[in-house]
Amino acid sequence: MPNQLKQFAKPIDIVQQTQNQIAYLQKEGSLAIPDNYSVANALASAQLILQDTKDRNGKSVFETCTPPSIYQSLLNMVLQGLNPAMSQCYFIVYGNQLQMQRSYFGTVTALLRLPDIKKVQAQVVHKGDEFEIGSNEDFETVVTKFAPKIENQDDEIIDAFAVITLKDGSKAYTIMTKQEIDQSWSQSRSRQNNVQKKFAQEMAKRTVLNRAAKMFINTADDSQMIAGAINQTTQNEYDNEPKDVTPTTGKAKQLAQKFQATQEDTKKEGKDDANENAEEAEGQTDIYDFIKENQEESADQANEG
C-alpha cells in the first residue's frame, strides 16, 4: 500500500486538487474567501510543512497517510481560513490518517469567520483572582465578575472561561474548572500532555475555546461548510481511535468522491515519487515549534492508546 500511495500522492497533486476544489466552491457560491486570506499562500505554507512532517517511523506524510485524509485536512484548513505559517493550525499523523488541528489563535480566527460572531475571547483564572459566576434570566451560566491580578500570574490555574459575543449583542459563556480541563487533556490524542504542561495558560484557553466552539456550532445552524469544518476539527482531536475523515454528506461528499476518482486515475498513470527536499516554512512561533517537535511522540501515545 505505501508504494501505491507514493505513485499518486505527490504533494503538488494533492495541493493542486485542493486548490481546484476551493475554486469550484467559490464559483458556485458555496464558499466566500475573506479579503485578507490567500488560499494559495496558505496551501503553499502547508505543502512546505507537510513535506517535512514525518510519522513515528520517520516516513513522509505523503508515503504514510491516505490522500483523502491529506486532502480533507487541507480543505478543512482553507474552509476555516487558517494558515499554518501564522501558527493557526498544525498537522499530526495518526496511523495512516493526517489530521489538521487548530491552535488557540486558529480557533479564534475560525470562529470570527462565522457571520453572526462579533468577538471571541478566552481567559484563565489563577489562584487569588476574583472570579464569580451567576445566571441570566434564561438560567444560562454567565461570568459576573473577573478581576485578575498581576501578582497571581504565575500561580496555579484554577478555572478558564470563553465568551463568544454575537453581533446582536448577546453573549455565550463556557466555563471549565481546572479539573475539567485536565480531564479533557487526558482524553485527547496527545495524552502525554508535554505541550499542555509547558504552555499551560495558552493551552487552557485553547481547550475552553474549543469546547465553546463545539457547543456553539452544535446549537447553531451548521448548514455552512465552515461550521461543519470547525466542528469536525474539534471532534477529531478528542476521538479515542483514528477514523476516516472523508466527509459523508452533501457537497463535501461529492467533492471527496471526485477527489478519490481523480487520485485513482493518477495512480494508474504511475507518476514518480514526490521530491522530499523543501525549505522549512518561516514565521513559526515558539509554541508552534514545540508542538511540531512533539508530533511523533504524541502520535506514538495515540496509537498505543
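Four aromatic pairs turn up in this predicted model. Three of the phenylalanines, F131, F146 and F161, form one aromatic cluster, and that is a handy place to start.

**The aromatic cluster**

- A pair of aromatic rings is described by the distance of the centres and the angle of the planes.
- F131 and F161 are stacked, with 5.4 Å centre to centre and 20° between the planes.
- Since F131 belongs to strand β4 (residues 130–135) and F161 to strand β6, this pair ties together parts that are 30 residues apart in sequence.
- F161 is buried, as its relative accessible area is 6%, and the cut-off for that label is under 20%.
- F161 also pairs with F146, this time edge-to-face: the centres are 5.2 Å apart and the planes make an angle of 85°.
- This second pair likewise links distant parts of the chain, with F146 in strand β5 and F161 in strand β6, 15 residues apart.
- F146 has a relative accessible area of 25%, so F146 counts as partly exposed.

**The second largest pocket**

- The second largest pocket has a volume of about 340 Å³.
- Its lining is made up of 15 residues, and those nearest the centre are E140, K171, A172, Y173 and F216.
- Two or more lining residues of this pocket come from each of β5 (141–147), β6 (157–166), β7 and α9 (200–218).
- Which element gives the most to the lining? That is β7, with four residues.
- Sorted by class, the lining of this pocket holds eight nonpolar, five polar and two charged residues.

- A172, one of the residues nearest the centre of the second largest pocket, sits in strand β7 (residues 171–177).
- Is A172 buried, partly exposed or exposed? Its relative accessibility is 34%, so A172 counts as partly exposed.
- Leaving aside neighbours within four places in sequence, A172 is in contact with A162, V163 and I164.
- A172 and A212 are 40 residues apart along the chain, and 8.2 Å separates their C-alpha atoms.
- F216, also among the residues nearest the pocket centre, lies in helix α9.
- With a relative accessibility of 15%, F216 counts as buried.
- Again leaving aside neighbours within four places in sequence, F216 is in contact with L114, I117, I164 and L166.
- I164 is therefore a contact of A172 and also of F216, where contact means heavy atoms within 4.5 Å.

**The buried side of α7**

- Helix α7 spans residues 178–187, and its buried residues include I181, S184 and W185.
- Why do they lie on the same side of α7? They cover an arc of only 100° around the axis, which puts them there.

**Loop residues with a positive phi**

- Most residues other than glycine have a negative phi, which makes the next two worth a look when you go through the backbone.
- S87 is not a glycine, yet has a positive phi of about 60°.
- You will find S87 in the loop between α5 (67–79) and β1 (89–94).
- S87 is buried, given a relative accessible area of 4%.
- F139 is not a glycine either, and has a positive phi of about 60°.
- The loop between β4 and β5 is where F139 is found.
- F139 is exposed, given a relative accessible area of 73%, and the label applies over 50%.

**The protein as a whole**

- The secondary structure comes to 13 helices and seven strands.
- Of the 305 residues in the protein, 49% are buried.
- Among contacts with a separation of 6 or more, 70% are between residues 24 or more positions apart.

Terms used
Residues numbered from 1 in each chain as written. Predicted model: local features only at pLDDT ≥ 70, side-chain atom pairs only at ≥ 80, totals over all residues. Heavy atoms only, no water. Buried < 20%, exposed > 50% of the residue type's maximum accessible area, 1.4 Å probe, protein only. Arc of directions from axis to C-beta. 1 Å grid on protein atoms, 1.4 Å probe; cavity = no way out; pocket = protein on both sides within 12 Å on 5 of 7 lines; lining within 4 Å. Points joined across faces, edges and corners; volume = space filled by probe spheres on them. Nonpolar A, V, L, I, M, F, W, Y, C, P; charged D, E, K, R; others polar. Phe/Tyr/Trp six-rings, centres within 6.5 Å; stacked < 30°, edge-to-face > 60°.
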